[in-house]
Amino acid sequence: MRPALCIVVPVLDEAPTLAPRLQALQTYRQRGARVVVVDGGSQDDTLAIARQHADLALLAPRGRAAQMNAGAAACPADLQAAINEAHAAGAVVVASAGNTG
């Protein structure tokens with residue numbers, strides 16, 4: 001089933017802060033949104049933490065744009081959003097409307 005909302009979280013070496021940020025998104029997941037974490041090649045436990053707290057965790061080339069594009073491609077939805085460390089935990093910024101066709 002296609003989710004109405006996909007939240008893409010691009011990350012790089014964010015193990016110390018990632019779990020609380022993803023836990024803040026659980027309300028969205030409970031309402032049917034999918035959370036996709038896209039790791040740009042972390043050298044810490046970021047990917048392992050992401051796998052515990054997200055619907056999907058994957059690797060992509062380093063760079064926020066490349067990571068967000070990879071996450072959007074992996075999670076087609078009616079609406080796509082992104083968050084990163086510059087936003088408050090749980091804050092969602094709409095990135096683009098997904099293809100509805």
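Analyst: The following discussion treats strands, then cores, then charged pairs. Please note that this is a predicted model.

User: Which strands pair with S2, and in what sense?

Analyst: Pairing is read from the bridges between two strands. Strand S1 (residues 5-11) runs parallel to S2 and is joined to S2 by six bridges; within this pairing, Pro-10 stands opposite Val-38. Strand S3 (residues 56-59) also pairs with S2 in the parallel sense, over four bridges, and here Asp-39 faces Leu-59. The path from S2 through helix H3 (residues 46-53) to S3 forms a right-handed β-α-β unit.

User: Is strand S2 mostly covered or mostly open?

Analyst: Strand S2 (residues 34-39) is mostly covered, with five of its six residues buried.

User: How should I read the nonpolar core, and which residues touch the most other members?

Analyst: In soluble globular proteins, nonpolar side chains tend to be buried together. In this model the largest nonpolar core has 19 residues, and those touching the most other members are Ile-7, Val-9, Leu-18, Leu-22, Leu-25, Val-35 and Val-37. Two or more residues come from each of S1, helix H1 (15-23), S2 and H3. Beyond four places in sequence, the contacts of Val-37 include Val-9, Leu-22, Ala-50 and Leu-56. A second, separate core has eight residues, among them Cys-6, Leu-58, Ala-60 and Ala-77.

User: How are charged pairs read, and how many salt bridges are there?

Analyst: Side chains of opposite charge can pair when their charged atoms come close. The count here is four salt bridges. Glu-14 pairs with Arg-21, their closest N and O atoms being 2.6 Å apart, and both residues are buried. Glu-14 also meets Arg-64 at 3.2 Å, N to O. Glu-14 lies in the loop between S1 and H1 and Arg-64 in helix H4 (residues 64-74), so this pair ties together parts that are 50 residues apart in sequence.

User: What does the salt bridge between Arg-29 and Asp-55 tie together?

Analyst: The closest N and O atoms of Arg-29 and Asp-55 are 2.8 Å apart. Because Arg-29 belongs to helix H2 (residues 26-30) and Asp-55 to the loop between H3 and S3, the pair ties together parts 26 residues apart in sequence. Arg-29 is partly exposed, at 25% relative accessible area, and Asp-55 is partly exposed at 32%.

User: Which side chain of opposite charge is nearest to Asp-39?

Analyst: That side chain is Arg-62, 7.2 Å away. A salt bridge requires a distance within 4 Å, so buried Asp-39 has none.

Note on methods:
Residues are numbered from 1 along each chain as its sequence is written. This is a predicted model: local features need pLDDT of at least 70, side-chain atom pairs count only at pLDDT 80 or more; totals for chains, interfaces and linings use all residues. Side-chain values use heavy atoms; hydrogens and water are left out. Buried means under 20% relative accessible area, exposed over 50%, partly exposed in between (1.4 Å probe, protein chains only). A crossover is right-handed if, with the strands pointing away from the viewer, the path from the first strand over the helix to the second runs clockwise. Lys and Arg count as positive and Asp and Glu as negative; His and the chain ends are not counted. A nonpolar core is a set of buried Ala, Val, Leu, Ile, Met, Phe, Trp, Tyr and Cys residues joined through side-chain atoms within 4.5 Å. Contact means heavy atoms within 4.5 Å.
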